[in-house]
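I opened my notebook to look up a few features of this model.

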Amino acid sequence: MLCHCFIAEFSAVLARGDDTMIVDQQATIEPKKPPVPPVVKRFLDYLFVECGLAGNTVDAYKRDLCRFWNTVKDLGVDLEEIGIDVVQHHLVLLRGDGLNVSSIARHLAAIKMFLRYLHSNRLMPRDVASLIESPKKWRNLPGTLHYKEVDALLEMADEGAEHYLRDKAILEMLYATGMRVTELVDLTLDRVNFDVGYVRVIGKGRKERIIPVGSTALDALRRYLRLQRPQLANDRSGSSIFLSRTGRAIDRSTVWRIVQKWAHTAGLKKQISPHTLRHCFATHMLQGGADLRIVQELLGHADVATTQIYTHVDDSRLKSVHRKFHPRQ
C-alpha cells in the first residue's frame, strides 16, 4: 500500500487549503486542444460502451486523464513505467494549481480507474491502482431552503414576464421530482404520463427510473405545453419538452440562469442553483417521514450512503425520532 506517511502528508496539504488564452488587440484566440491519446480514447470508449457511464461523466474523465497524461509526458515516463511517484507528483501539481479537495479526489478516482484498466488489459505489468489510497475528505452538507423559501421561489414569477410559463414549469418540476438538471433538459414528451401522474427519467449510466409528480407541477407543465411550447417549437425542437427561444432543447446553463433569476426576484439571499431544489426535494421528503430507501430510489442514487447525507441536514427530525422510540426518555 502507498506509504501512510505520504497519505498523511498529502491529506494535510489538501486540508490547508487554465487554460491560457492568446490575446491580441483585435481578437481572443483559444489555444488548439491537443488530441486525446489513443490509449485514453480506448479507455473512454470502454467507460461509455461497456460501463454505461453518462456522456457528461465520460467528458469529465477525459479532461482529468488528458491532464494526467500531460504530466506523464512531461516526466518522460513510458506507459509501463507509471508508478505511485508519478501519481503523487501529479496530485501535488493539482494542489499547486489551486484545486480543492473534492476536485483532487475526483482526479485521483479517474486515474485509479484508468490504471486498473491498463493493468487488466496487460498494458501495465503492475496493478498500481491497488497501491494507492484515496485521501479522506469531509463531505459538505447540501444547502437547502425552508418550505416558505421554496414557496416564495415557486410563486415569485410575474405572469407578464417572457417565458413565464416555461420557467414556472421548470421550477415546479425540479422541486416536485428531485431531478438532476441534466435529466430535466433531456426530458421528452413521451416520458410524461399526465393520466397516471409520473415521469420517466434517464439518469446516470442511462438508468431509467419512474418518479411520481404532484398535481401542481403537472398543471404547470400542462399549461406550458399547451400555451407556450408551440410558440417556441420549430423543426429543430424534436420531442424535447423544455425549449429555448431558438427552439432547441434548453441547456443546463440556461436552467441555472432561470433559477438564479427567479431566486433574485423572490428576494432569496442564499446561493441557489437547480441542484438546490433537488436537495430541498430530498430533505423535505425525509422531514415529512419518507423512507430513506424510497428517497434513494427517487433520486436515482446507486448507494444509500449518498442519500444518507440528507439525514444529517434535518437534526430536528432525528431528535423527535429519538424521543419517540428510545425506551429511556
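Which residue forms a salt bridge with Glu162? I found Arg245, with the closest N and O atoms 3.8 Å apart. A salt bridge here is a side-chain nitrogen of Lys or Arg within 4 Å of a carboxyl oxygen of Asp or Glu. Side chains of opposite charge can pair when their charged atoms come close. Glu162 lies in the loop between α6 (147-154) and α7 (164-177), and Arg245 in the loop between α10 (229-232) and α11 (252-265), so the pair ties together parts 83 residues apart in sequence. The structure holds 13 salt bridges.

I noted the ground rules. This is a predicted model, where local features need pLDDT of at least 70, side-chain atom pairs count only at pLDDT 80 or more, and totals for chains, interfaces and linings use all residues. Residues are numbered from 1 along each chain as its sequence is written, and side-chain values use heavy atoms, leaving out hydrogens and water.

Next, I looked up the helices (DSSP runs of H or I, at least four residues; strands are runs of E, at least two; both numbered from the N terminus). Helix α12 (residues 274-287) packs against α13 (residues 292-299) at about 160°, with axes 10 Å apart. Axes are lines fitted to C-alpha atoms, for helices over the stretch in contact, and angles run from 0 to 180 degrees between N-to-C directions. That makes the two helices roughly antiparallel, a label for angles over 145 degrees.

Last, I checked an open sheet of 3 strands, ordered β3-β4-β5 with antiparallel pairing. Strands pair if DSSP finds at least two bridges between them. β3 (192-193) and β5 (208-212) are the edge strands.

Technical notes: Angles under 35 degrees count as roughly parallel, over 145 as roughly antiparallel, 65 to 115 as roughly perpendicular and the rest as oblique.
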